[in-house]
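The structure comes first, then the questions.

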Amino acid sequence: MGYRLSMALEVPPQTIRFARSADGVRIAFGRVGQGPPLVIATCWLSHLEYDLESPVWRHWVTGMAGIATTIRYDERGFGLSDWHVPDFALESRIKDLEAVIDAAGLESFALLGMSQGGPVAIAYALRHPERVTRLILHGSYTATLGPTTESAELEDAFTRMIEVGWARPEGRFRRVFTDMLMPGATPEQMTWVDDLMRMSTSTANAVAFRQQRRDVDVGDLLPHVDLPTLVLHARGDQCNDFSEGRRLAAEIPGARLVTLESDNHVLLADEPAWPVFLAEIDAFLEPDRGADRSLDPARPSRSGAAGNDGNDGNGRTSRPSSESMEALVALEALTPREREVLHLVAAGQDNREIASTLTLSVRTVERHLQTIYRKLDLAGSAQRTAAAVLLASSGDRLAGTNGQPSVDPPGVATVRTRTAGNGPD
């Protein structure tokens, strides 16, 4: 695996495209880097073009690009996305994320929710569990307003400062937010963030966004998150208190908390917490990276044989490899219902068709698939295809195991893959 922070002097090339959200708003998104796909549900302070020049965000773009194929986007009303928008409601922001993912052509991916993007990422993961392989939350929270009246009063004060000082040439009012974001920043970094705030959106948008996010609260969703989750939070975070990170990790089943020794909400390139942050995400994404490698057509098949029929290509029966036996053991661990679902996946049915065939809800089918992927140790952008390939390559041996007959569900023919010498389908 290894830690992939190269800190390249040149920012890797970025491709910028646009997605159209459900209400017609155009959302700008960028793709950069190599490796397993990682979608970032971002915070409001971004601009896809200017971030590449920034002494605050440049190392984020470069560092993440060394770990994964990163998809990031500007929030509605900010950066390169449309500024004239009907609202900034949580539901609209979830729809924006859905639009970006569809436009990027991603089947499955890891999802990183940063700060205000955390609630969006949590809600999306629950709606689309078949697409999210793992969840990362950094500096985030469950609810915008705390339980005390002081929380609402502070929010009112910040909103008023935005109204008065957001568009002013000098950064006196914006500096209050910058000090909270990065108390350890240099004067150059603080000035750059001051300027980014003004160029990234209008005063009206900044106020409306702040007001409409007050109603965000995804606390009730946390116990229902059923996928690997990593929570990273700076101990001295002055924007979102460390207690929020603890709550996320405590209430999401199986989540792991990593405490970053920093006072900065936005980590800086030269502080010790930054390489820790990247190394933790790098390690967390390793299963997705391994799944992508396992699907490389240049690599031998997981069956370990020259053909999918179990022969070595000369008519002799090949000896199962250790990988093949591991796959067989994993398939044997599936329940009869899970195997029925997997057969239908291999037959080319989508989740709605599977639900109709087996008289299940789509949500139940999605949960079965997540369990199947977990049992088969599959992740990444092609886990659905990988599961079908495993079934096809191990199906004959699976049929001969004790107590585990290979039975196709009603109306589904046995799945066979085309190999050299098999002729046309």
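Predicted model: local features only at pLDDT ≥ 70, side-chain atom pairs only at ≥ 80, totals over all residues.

Q: Why is E338 called buried?
A: Its relative accessibility is 6%. Buried means under 20%, so E338 counts as buried.

Q: Where does E338 sit, and which residues does E338 touch beyond four places away in sequence?
A: E338 is part of helix α12, residues 336–346. Leaving out residues up to four places away in sequence, E338 touches A333, H368, T371, I372 and K375. For each of these, touching means heavy atoms within 4.5 Å.

Q: How far apart are E338 and V365, in sequence and in space?
A: They are 27 residues apart in sequence, and their C-alpha atoms are 9.0 Å apart in space.

Q: How do you know that β1 and β2 are paired?
A: Two strands pair if there are at least two bridges between them. β1 (residues 15–20) and β2 (residues 26–32) have six bridges, so they count as paired, and they run antiparallel. One spot to look at is I16, which stands opposite G30 in β2.

Q: What lies between β1 and β2?
A: The two strands form a hairpin with five residues between them. In the turn, G24 has a positive phi of about 95 degrees.

Q: Which strands does β4 pair with, and in what sense?
A: β2 and β4 are joined by four bridges and run antiparallel. β3 (residues 37–41) also pairs with β4 over four bridges, but in the parallel sense. At least two bridges are needed in each case, so both pairings pass. I71 in β4 shows up in both: R31 stands opposite I71, and V39 stands opposite I71 too.

Q: What makes β4 a covered strand?
A: Five of its five residues are buried. On one side these are T69, I71 and Y73, and on the other T70 and R72, so both faces are covered, with each residue under the 20% cut-off.

Q: Why is the space around I40, W57, W60, R72 and M114 called a cavity?
A: A cavity is a set of points where a 1.4 Å probe fits but cannot get out. The space with I40, W57, W60, R72 and M114 nearest its centre is listed as the largest cavity, so a probe placed there cannot get out. In all, 15 residues line it, and the elements that give two or more of them are α1 (58–65) and β4 (69–73). The volume of this largest cavity is about 170 Å³.

Q: What kinds of residues line the largest cavity?
A: There are ten nonpolar, three polar and two charged residues in the lining.

Q: Which residues line the second largest cavity?
A: They are A125, L126, P129, H224, D226, L227, R363, R367 and Q370. α14 gives the most, with three. By class, the lining has four nonpolar, two polar and three charged residues.

Q: What makes the largest pocket a pocket rather than a cavity?
A: A pocket is an open set of points, while a cavity is one that the probe cannot get out of. The space of about 700 Å³ is listed as the largest pocket, so it is open. Its lining has 31 residues, with T144, E155, R213, C239 and N240 the closest to the centre. The elements that give two or more residues are α4 (149–165), α5 (174–181) and α8 (242–251), and α4 gives the most, with five.

Q: What kinds of residues line the largest pocket?
A: The lining has 15 nonpolar, ten polar and six charged residues.

Q: What does the chain come to as a whole?
A: It has 15 helices and eight strands. Of its 425 residues, 53% count as buried.

Note on methods
Residues numbered from 1 in each chain as written. Heavy atoms only, no water. 1 Å grid on protein atoms, 1.4 Å probe; cavity = no way out; pocket = protein on both sides within 12 Å on 5 of 7 lines; lining within 4 Å. Points joined across faces, edges and corners; volume = space filled by probe spheres on them. Nonpolar A, V, L, I, M, F, W, Y, C, P; charged D, E, K, R; others polar. Buried < 20%, exposed > 50% of the residue type's maximum accessible area, 1.4 Å probe, protein only.
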